[in-house]
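Welcome! Please take a moment with the sequence and the model before reading on.

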Protein chains: 4
Amino acid sequence: MGPGATAEELDAVVQTVQAAGGSAFVSRGVHRTIVGLVGDVEQFESLNLKAYPGVADVVRISAPYKLVSRENHPAMSTVYVSGVPIGPDTFTLIAGPCAVESPEQTLAAAQMAKSAGAALLRGGAYKPRTSPYAFQGLGEKGLQILAEVRTEVGLPIVTEVVDAHDVDIVASYADMLQIGTRNMQNFGLLQAVGSAGKPVMLKRGMNATIEEWLMAAEYVAQRGNLDIVLCERGIRTFETATRNTLDISAVPVMHSLSHLPVVVDPSHSGGRRDLVVPLSRAAIAVGADAIIVDVHPDPGAALCDGPQALVDTDLDELAHVVRTLPQAVGRSLVLVDS
Amino acid sequence: MGPGATAEELDAVVQTVQAAGGSAFVSRGVHRTIVGLVGDVEQFESLNLKAYPGVADVVRISAPYKLVSRENHPAMSTVYVSGVPIGPDTFTLIAGPCAVESPEQTLAAAQMAKSAGAALLRGGAYKPRTSPYAFQGLGEKGLQILAEVRTEVGLPIVTEVVDAHDVDIVASYADMLQIGTRNMQNFGLLQAVGSAGKPVMLKRGMNATIEEWLMAAEYVAQRGNLDIVLCERGIRTFETATRNTLDISAVPVMHSLSHLPVVVDPSHSGGRRDLVVPLSRAAIAVGADAIIVDVHPDPGAALCDGPQALVDTDLDELAHVVRTLPQAVGRSLVLVDS
Amino acid sequence: MGPGATAEELDAVVQTVQAAGGSAFVSRGVHRTIVGLVGDVEQFESLNLKAYPGVADVVRISAPYKLVSRENHPAMSTVYVSGVPIGPDTFTLIAGPCAVESPEQTLAAAQMAKSAGAALLRGGAYKPRTSPYAFQGLGEKGLQILAEVRTEVGLPIVTEVVDAHDVDIVASYADMLQIGTRNMQNFGLLQAVGSAGKPVMLKRGMNATIEEWLMAAEYVAQRGNLDIVLCERGIRTFETATRNTLDISAVPVMHSLSHLPVVVDPSHSGGRRDLVVPLSRAAIAVGADAIIVDVHPDPGAALCDGPQALVDTDLDELAHVVRTLPQAVGRSLVLVDS
Amino acid sequence: MGPGATAEELDAVVQTVQAAGGSAFVSRGVHRTIVGLVGDVEQFESLNLKAYPGVADVVRISAPYKLVSRENHPAMSTVYVSGVPIGPDTFTLIAGPCAVESPEQTLAAAQMAKSAGAALLRGGAYKPRTSPYAFQGLGEKGLQILAEVRTEVGLPIVTEVVDAHDVDIVASYADMLQIGTRNMQNFGLLQAVGSAGKPVMLKRGMNATIEEWLMAAEYVAQRGNLDIVLCERGIRTFETATRNTLDISAVPVMHSLSHLPVVVDPSHSGGRRDLVVPLSRAAIAVGADAIIVDVHPDPGAALCDGPQALVDTDLDELAHVVRTLPQAVGRSLVLVDS
């Protein structure tokens, strides 16, 4: 639909498609609304939808994903998280603790993140853990801590939601909802975040192909939410020197297939502190729109993934990299006012 | 706890553990109740729990999974699904359509299954699909069809639940709840089925290690349900000649680590009709306690996974195999009355 | 070519093909000779080769492998190793020590193998080792020991060759040449064994697809040797509970694509003694034509892969399995005279 | 040994070690000679080798690889290829055609490579091919073409050797010998190139772990050649959007474990022209010491891997990247005189 299309114009299109025996999925991003049609393509062409009021263009898509396809939308998208952009011209650092443990730890980590150049704060209140005996996060108390730290430090919050039951409560605090690697094909959860009215960061399943990842994004988009960023965080391979294998090629491959921004997680892919800065450099150079990095004021005491959290000199090095390397590939670092 | 332990005796143990600063997880199977303790092992030993009334034994477990560990419970378990056993002395054929499509198709598939020797009927009413545009199942209408076919044919039902919201409705119809491969680490769903009071079939995540699979089973067990069977259904590898690679070694490996029964799915692992019978023979011979097989009266018209569904001569061959091969490895086929 | 085709008749076909600008590869098995043509298919058809003397049939092949394709040769092949068959109606146990260490150890292992039901003796004199600091085998001295043990025990020998330089010396002792997993794409070695006049056991590369494996076999066949058996020995995956993941599906998949016999190695795939017997049962049941198993009189002292070698009760159990299970799938155990 | 150690001093050390029942492996690089000892470590310490003339230092190594270990040699090595450095302070572009097809094609590709900033010319005369029916390279004629082009263009040559038989002839033309991915564990070939007196580029096996790769380098080093560069060229995973998955993390992981330079091959890992420039940027940024890139004057007509060869605007973009990005990570591009 064109930028000025009204709700009535949209409804008219949807009803015409349904009357012809098809399904119509409406997805609204900040800058555009896309209606995806599923059904008999020949018949849709006979409807002459391009002539309807408010319709900007009609495009036939052959990829199994439609709303997230670049074939459908050649211009790259920018997703705004409470005003902070993630998109093709900028570079955004997202940083914070793997898990919210206490107000003090979270505040300290947020200040570290901001001074390193972060424009968004990450931090988990609900943690999906392989073992039922591992720390599962502070839940809503963690969200409250994040909200207080946001007020104090001024960085919008990215936080994970692990259960469809929790989407409303998490969305009431968060600026961006994160779907973790183990939930990439939790279709009920994808649909719930698609309806929650907040931008979504969709991490790649550690065993997911590029196409499955795009199909998962399509589940979110189908519920009307195109404010999605894709996050490459490593795939499972035979190599055990790193926790997972960062699939750096996924960034340009995704940029060729989808208009959605792509983020790289150099912390969880490698699982080793000494790899975070080199992999951050690689991510910036390959063309990632953002990176998401674990920082912790006291990694040795972290309740979750301490061995990969940055602190001290490593963090200084990261701060230097994000302030210098994006320019070399034609991007500018996104900074928030202090 | 011993077989005759009372609720009061159980409570006394739980409260003692909690008073000592530990956590106690109670899991009830048909034949036993296990209390898993997490916390300071030294202190637990000082409690002398073995002397408490109703306590049969106290065992120290070092594996990260406790309730499902064989270290904890050396005797192999038998899980009963509305009276049909899955366990170490028997061999059980589970068969039916991948998806419930109509009453006629489901009834025909169930009759095929039963005449082939099946003691349990499989069939999906809720289907997790990679694409949001693929057939998603009939939902509760599918469950009603399954229930009617159960009445007519006499086979208890195994059916998948894909969302924690649906557990109650699915459990009200099903004899056994199935967790699919994409949901093996959907921890909210695992906990919900753990509380639902029905036996659970837990499929292995296609990228899950043996240990992660056992940890997922532990999530179910922790909520009080030890009536779990594990289902190997193929892992994702580089090989593309088959849909996934059936990890046949997982059966004896699991039998060495856990007391839970192990089922093999020769249909979804290979994704090819011509492999179902040879892989079924391999599964029986390696020591699987059951297999779960797709059958369909008209595979060419199937809405889901038609290329792997058995019919006609292949099904006759399977019927012959399940009636002859289990004896060669010291097991007897479980049959229901006609 | 037909069974009675003469060398002159064969030459006439080859020269006709070459005159037409094509290449002709001649491969002789015990029971047939196949001429593979590569070049302009349309032109070949115009040559009317079927009318040439000695030509039994002309078949157009579309698979990238030709000589080893079942499309080309629908009847399954039997490969004879100094009289011992490996083929579709029989089941053959190949057993022996991973490495030849001494005359005493080799003789003891061979006697164990024979009493368990083995018809062929395996044993390595040249060992490809990941580390240059590991035991590399006894070389020709090992071959001499194998030859002496063959005389004493009466089992033909299967032994590995790791370098094209060594093919002649190994072939002068061995009854069957083995190509190991690390050398499956050592094309010079494949061509050398293809010309050596002895049957070949081609192990699957631990990272090789089914198609690559067949292409490797095609390299051997192209040099004129169709007496090839394929050996599935596990592929590399993310799972670490077993050394490699036995791809049991590879047996029926290979039988559908190629006329060559398929062997399973349950020892190297799992890398654990407790898995050898269950995986041997699975291999027999799935339809393997043979299995190859490590045995050692004193596994604790073995210089190579001791943890997987069978001895005592495990070996007794294997002996029972090979004497009973093949019948259940319509095969008879191959036994040599004592 | 110290820089001025004589052959006699070296011999004295070797004989002392052997007299004590150990093995000594001597490896000479351009700048140092290392003697690796294998055997009883306690006894070696009693020999007081540090007091021997010519001995610079004695270090105890615990990694399974010794000569290539950074534990042994903390300073990063620079390998010189006929004067062109590959090492920690510089960045080297290696470019050329996948296969030598004709004098004209090779010369044109070499001129393209040089004008893009290459200091070394790659090109294959012997090609290991999965299919015996694919183009296998021009052999010695290809080497002669490379030598002529070297004279004309002024770039030293990197070319592959696939068989131990060919090492002498290839070494007589080449400035650097390449071991391809399928031959990483062809131990006879590794030993042959280790003795050939030319620098070696050792490509990672597509299924090889980091440790196996280092062990393969150790085979080369053990024969007396420490002028080895390691080349990451993608590993085999489940993802099919790219030919292989470039393991970008392998660069910093290798730099932490070994003193050897690391090269990245962005052409073969992705197998797609559009990924070569982004992956080259990632490689430079992550810290690679060189990249090796396919260029071809007419990719559509290439006999080998045309779909990934650079030409025209892509090549211009690469030329820009190698002239600007290395500075951003503290390196300078190596250029040869025109």
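## Two domains in chain A

Domain bounds here come from an automatic or database domain assignment. On that basis, chain A splits into domain 1 (7-51) and domain 2 (79-333). Taken over C-alpha atoms, the centres of domain 1 of chain A and domain 2 of chain A are separated by 34 Å.

## About the model

This is a predicted model, in which local features need pLDDT of at least 70 and side-chain atom pairs count only at pLDDT 80 or more, while totals for chains, interfaces and linings use all residues. Residues are numbered from 1 along each chain as its sequence is written, and chains are lettered from A and ligands numbered from 1 in the order in which they are written.

## Where the domains touch

Two residues are in contact if their C-beta atoms, placed from the backbone, lie within 7 Å. Eight residues of domain 1 of chain A are in contact with seven residues of domain 2 of chain A. On the domain 1 side, strand S1 (23-28) and strand S2 (33-38) of chain A each give at least two residues; helices (H or I, at least four residues) and strands (E, at least two) are DSSP runs, numbered from the N terminus. S1(A) brings the largest share of that side, four residues.

## Where chain D meets chain A

This contact takes 33 residues from chain D and 33 residues from chain A. On the chain D side, helix H8 (250-257), helix H10 (273-286) and helix H11 (312-328) each supply at least two residues. The largest share of that side, nine residues, belongs to H10(D).
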